[in-house]
Amino acid sequence: MNKILQISCLAVLGTATLFGQDYKAPNMAFQDSSFNYVAFSNEDLPTTQWADSAETDWYNGSEDTFTLSTPQQLAGLSLLVAQGNSMVGKTIELSGDIQLSGNLWTPIGVNNNNPFSGVFNGNNFTVHNMVVNRPGEDFLGLFGQTNAATIRNVRMTNAIVQGADTAGTVVGNLYNDGLLENCHSTGHSVLITGYNAGGMLGGALTNSVVNRCSAEGSVVGVNQIGGFVGTLWDKTEVHESYSAGTVSGEYIIGGFAGFSTMAFGPDRENKVFNSYSRSNVFATMFRAGGFFGSPEYMSEIHNCYSTGTVSQVEDAGAFVGSTETALIENSYYDSDLNSFPAIGNQEAGASPFDVTGLPTAEMTTANFADMLNVDTENIVWFYHPEVNDGYPNLNLQEQMSVSDVAVASKIGIYPSIVQDQFIIKAENDGLKYQIFDVNGKLVRHGITHSTEHVVHAHGLATGVYFVRVIQDNHAQSIKIIKK
């Protein structure tokens, strides 16, 4: 890949050839010169396909679990799904890193008729250098279209994704009871000629959930573009996730999410909890927000913050570009980086939004992490001056996974307001426990010696602490207050 086509944003309405057709760069003359639309011309990208060397002999329909170790086997999964095997009831696991450089990747689940519907566990191995180049096509990423799929523990580096609509690095479209968990992408370039693109996934809809994921890279499109997700539709939830890098397009552009508007019935809100964006947002027309471009209807945002810069276009907001009836609680933006209001445009008479601008000096403190943790059942936000430039971080590797919920009701700590001691109550003894202060620093640890183990609090300073109890590789964190 020697020749990279850069469409300068300093040129007024410059054009270049992308996917064999003219692509017009928006007028970005007012923007920082460090930002460019970057497209890889066809001669720079691989011309051969992983599909041509796909191996499917690992698959046996009478078995339920399969382990893949090579790119040819992974391409075989893509081929089987394209042929109509949705993998319902099947679990696919990786046993090592996958190197996808040298050939073009065909997403697993290329259309609505042939989605992926199984369970995929990357086991925290990394998929390197994936290149998806599908001019005029939709549903782009490692996975394209999914239906009731579970995808977890996938890491990706340096992915390139180019096409028309609905694109991400891990998933193009997470549909219908989908679960995306503990997936992370860094160094990616997602560039589409249409709408619905994000660094992690293009869209999530209809009872789908995303937990503890992150996206760090560049995302470029026309509208409904986000650093993490393009669009949330019809009852979705995103928990403990973040984006960083640059997000660029014409309108409805957000540092974390682009758009949310559609529901197929009442009480089907799209919710984002305990997440943040450190993406810089570039837009040329309207509706640009540091965290969310346009959460029009049926949207909720809780305990979130943004720190990126935002283009000064029509309906630009430091946190949200434009909204009609969104609910925003306990959320913040860096007021040193953007001088305009938190919300660019809101419906007349709408309820007040609980979103506050704070200077950088106040957002890079342990106190700010406490403010974000105030409504969380367990510790979520951590502070360390040398991590995340001092802004609160999510410490994703230490957070509770979905499987932890099964043991949550079996562990209790009382009293929650502590003077001299407290008790860890569990069904078994021999459990490891850790005590963290509000900065995320481990201050004490031990092992329980009975099902009602007494922990002495002598030596702990007055303040808030979090007790993390580990049982069978699962963990639960419970807040206590030392008087």
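# Notebook: sheets, cores and rings in a predicted model

I began with an open sheet of ten strands, which run in the order 5-6-8-13-18-22-26-29-32-36 with parallel pairing. Strands here are DSSP runs (E, at least two residues) and helices are DSSP runs too (H or I, at least four residues), numbered from the N terminus; two strands pair if DSSP finds at least two bridges between them. I looked up the edges next: strand 5 (65-68) and strand 36 (327-329) each have a single partner strand, so one side of each is left without a neighbour in the sheet. From one strand to the next, the twist averages 10°.

Residues are numbered from 1 along each chain as its sequence is written, and side-chain values use heavy atoms, with hydrogens and water left out.

I picked strand 29 (residues 270-273) and strand 32 (residues 299-302), which pair in the parallel sense over four bridges. Lys271 stands opposite Glu300 in strand 32. Then I turned to helix 1, which packs on the sheet and touches strand 5, strand 6 (91-94) and strand 8 (119-121). The direction of helix 1 makes about 135° with that of strand 5. For the record, contact means heavy atoms within 4.5 Å, and axes are lines fitted to C-alpha atoms, for helices over the stretch in contact, with angles from 0 to 180 degrees between N-to-C directions.

**The cores.** I looked up the largest nonpolar core and found 77 residues, of which Leu74, Leu77, Trp105, Phe120, Leu180, Leu201 and Phe228 touch the most other members. Helix 1 (residues 71-82) gives the most to this core, with five residues. By my definition, a nonpolar core is a set of buried Ala, Val, Leu, Ile, Met, Phe, Trp, Tyr and Cys residues joined through side-chain atoms within 4.5 Å. Buried means under 20% relative accessible area, exposed over 50%, and partly exposed in between (1.4 Å probe, protein chains only).

I listed the contacts of Phe120 beyond four places in sequence: Leu74, Leu77, Ile92, Leu94, Phe143, Thr150, Ile151, Arg152 and Val154. There is also a second, separate core of 17 residues, which includes Ile413, Phe422, Ile424 and Ile435.

**The three-stranded sheet.** Ile413 and Ile424 turned up again here, as Ile413 stands opposite Ile424 in strand 42. Strand 40 and strand 42 (residues 421-425) pair in the antiparallel sense over three bridges. They belong to an open sheet of three strands in the order 40-42-45, with antiparallel pairing. At the edges stand strand 40 (412-414) and strand 45 (452-456), each with a single partner strand, so one side of each is left without a neighbour in the sheet. The twist in this sheet averages 25° from one strand to the next.

**Aromatic pairs.** My search of the whole structure gave 16 aromatic pairs. Rings of Phe, Tyr and Trp (its six-membered ring) pair if their centres lie within 6.5 Å; planes under 30 degrees apart count as stacked, over 60 as edge-to-face and the rest as tilted. Phe291 and Phe319 make a stacked pair, at 5.1 Å centre to centre and 5° between the planes. Phe291 sits in the loop between strand 30 (276-289) and strand 31 (292-295), and Phe319 in the loop between strand 34 (314-317) and strand 35 (320-323), so the pair ties together parts that are 28 residues apart in sequence. Phe291 is buried at 0% relative accessible area, and Phe319 is buried at 0% as well. I also noted a cluster in which ring pairs link Tyr242, Tyr276, Tyr305, Tyr332, Phe368, Trp381 and Tyr391.

**Cysteines.** I searched for disulfides (cysteine sulfur atoms within 2.5 Å) and found zero in the whole structure. The sulfur of Cys213 has its closest cysteine sulfur in Cys183, 4.7 Å away, which is too far for a bond. Cys213 is buried, with a relative accessible area of 0%.

**Two last look-ups.** Asn173 lies in strand 17 (residues 171-175) and is buried at 10% relative accessible area. Beyond four places in sequence, Asn173 touches Phe139, Gly144, Gln145, Thr146, Thr166, Gly203 and Leu205.

Leu104 is in the loop between strand 7 (98-99) and strand 8, and is buried at 7% relative accessibility. Leu104 and Thr48 are 56 residues apart in sequence, yet 6.1 Å apart in space, C-alpha to C-alpha.

Definitions and conventions
This is a predicted model: local features need pLDDT of at least 70, side-chain atom pairs count only at pLDDT 80 or more; totals for chains, interfaces and linings use all residues.
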